[in-house]
Amino acid sequence: MSGRRTQLARRRRMAGYTQDSLAEYVDVALSSVKRWEGGRSTPQPTLRRRLANALDITLDELEELLTHDNAVHTA
């Protein structure tokens, strides 16, 4: 898995979160959010609903952010 998830980071900022505050809301380490946005890992399925809620998007929209952003940068 490689490629930055710029849309995920953009959506986080639009929702008014810093990486640190999003990590706190989702109840994960700051390093997890950094890895998600850096494209080095993907949120566990058990965390995705909370993450989608924080970003004010649907689970389908979150999945699109997680997959499409990487596809654009690795193509």
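The model is predicted: local features need pLDDT of at least 70, side-chain atom pairs count only at pLDDT 80 or more, and totals for chains, interfaces and linings use all residues. Numbering runs from 1 along each chain as its sequence is written, and side-chain values use heavy atoms, with hydrogens and water left out.

**Stop one: R5.** Select R5, in the segment before α1 (6-14). Helices here are DSSP runs of H or I, at least four residues, numbered from the N terminus. R5 is buried at 1% relative accessible area; buried means under 20%, exposed over 50%, partly exposed in between (1.4 Å probe, protein chains only). Now show L66. The R5 side chain reaches the backbone oxygen of L66 at 3.2 Å.

**Stop two: E37 and R12.** Turn to the salt bridges (a side-chain nitrogen of Lys or Arg within 4 Å of a carboxyl oxygen of Asp or Glu). The count is 2. Select E37 and R12, whose side chains form a salt bridge at 2.5 Å, N to O. The pair links distant parts of the chain: E37 sits in helix α3 (residues 30-38) and R12 in helix α1, 25 residues apart. E37 is buried at 5% relative accessibility. R12 is buried too, at 8%.

**Stop three: R48 and E63.** Select this pair next; the side chains meet in a salt bridge at 2.8 Å, N to O. R48 belongs to helix α4 (residues 45-55) and E63 to helix α5 (residues 59-74), so the bridge ties together parts 15 residues apart in sequence. Color by accessibility. R48 is buried at 18%, whereas E63 is partly exposed at 34%.

Notes:
Helix = DSSP H or I, 4+ residues; strand = E, 2+ residues; numbered from the N terminus. Polar contact = N/O pair within 3.5 Å; in protein donor to acceptor, adjacent residues only side chain to side chain.
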